[in-house]
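Hi there,

Here is the structure I promised to pass on. Have a look at it first, and then read my notes below.

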Amino acid sequence: MHTDNTTLSAEATEIHANTNQSSNQKKILVLSVLSGEDTGREYELSKRETLIGRNEDCEIRLNDTLVSHHHARIEIKSSNHNTEDVVLTDLETAHGTFLNYGPITCTLLKDGDKIMVGATILKFQHKDACGPQYMDEFIKLATTDTVTGLYNKRQILALGEEEFERSRRYRRPLSVILLQLDRVADVQNRLGPVVSDNVLKGIGSTILSSIRRLDKAGRNEPDQFIVILPEAGLAEAKVVGARLKQRIGSLEFEAAGQRYHVAINLGISERVDSTDELFIQLMEQASQELCSSPKSSKG
């Protein structure tokens with residue numbers, strides 16, 4: 001099975017080079033939703049003033065109960081150096097506005113800054129106006145495992161850190177599921193590399209079709225997968241885990257005229273306020289449960 005899920009492909013590198021050929025390309029200002037119900041959505045900051053909140057008159061309207069009706073304002077102002085400053089202001093909200101996980105009242109934004117409003121994380125970016133489709137393709141190649149279509153290891157761990165920080169700060173539920181493909185060497189020997197890749201593709205698509213939009217899934221190791229469940233406690237995570245195990249176990253693959261099934265083992269953990277301070281601790285707990293779980297005999 002392939003193991004190149006954390007490296008950029010030559011194609012991605014070429015795309016990146018093409019998008020940076022000219023330093024004079026016009027830039028657009030964008031807020032990308034990294035975490036929350038609208039994960040993956042992008043908002044172009046095309047007005048001099050943009051409101052973020054839950055009200056209908058907000059340019060960036062978030063379906064997030066921890067976000068105020070008018071939560072924050074972004075203003076584009078001319079500076080003394082023929083450039084434009086982008087200013088973020090908290091509108092005296094109950095839960096506050098955070099920049100790179102620190103509270104703010106009013107501050108300048110820089111490319112790459114992360115804004116937390118309620119339970120939603122937004123990323124402020126300068127993007128090339130002439131080639132957004134190339135940048136989108138580059139970002140996808142840089143963050144996606146090419147075999148399964150899930151996030152690659154680097155990206156899923158980074159997203160896990162962000163979700164953990166959000167959960168810790170607001171004391172919201174967060175659970176993690178580790179899925180381990182059982183008897184991976186046996187699968188490779190019996191099915192061969194081509195069918196083995198089809199197994200991984202089948203597992204990836206099954207995971208994606210079995211989780212919510214706000215959940216995140218990635219390939220952590222060649223034979224191991226991570227599912228991150230924001231706003232879900234242990235009981236809910238066990239229901240999702242059981243569903244994944246059943247659906248993946250029902251997948252059928254054919255090699256040399258014979259039909260095969262694969263099985264996975266699960267490790268599930270939940271963030272606990274009194275003990276967990278790092279995302280890696282949550283991962284370690286799930287890994288320990290995975291190691292102690294009974295191995296499936298399905299083949």
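**Helix 3**

The expected span is 1.5 Å times one less than the number of residues, and helices here are DSSP runs of H or I with at least four residues, while strands are E runs of at least two, both numbered from the N terminus.

Before going on, please note that this is a predicted model, where local features need pLDDT of at least 70 and side-chain atom pairs count only at pLDDT 80 or more, while totals for chains, interfaces and linings use all residues. Residues are numbered from 1 along each chain as its sequence is written, and side-chain values use heavy atoms, leaving out hydrogens and water.

Several residues of helix 3 are buried, including Ile156, Leu159, Phe164 and Tyr170. Buried means under 20% relative accessible area, exposed over 50%, and partly exposed in between (1.4 Å probe, protein chains only). Just after helix 3, Arg171 has a positive phi of about 55 degrees.

**Thr97**

Thr97 sits in strand 7 (residues 97–99). Its relative accessibility is 1%, so Thr97 counts as buried. The Thr97 side chain makes a polar contact with the side chain of Asp90 at 2.6 Å. Such a contact is a pair of N or O atoms within 3.5 Å; within protein, one must be able to donate a hydrogen and the other to accept it, and residues adjacent in sequence count only if both atoms are side-chain atoms.

Happy exploring!
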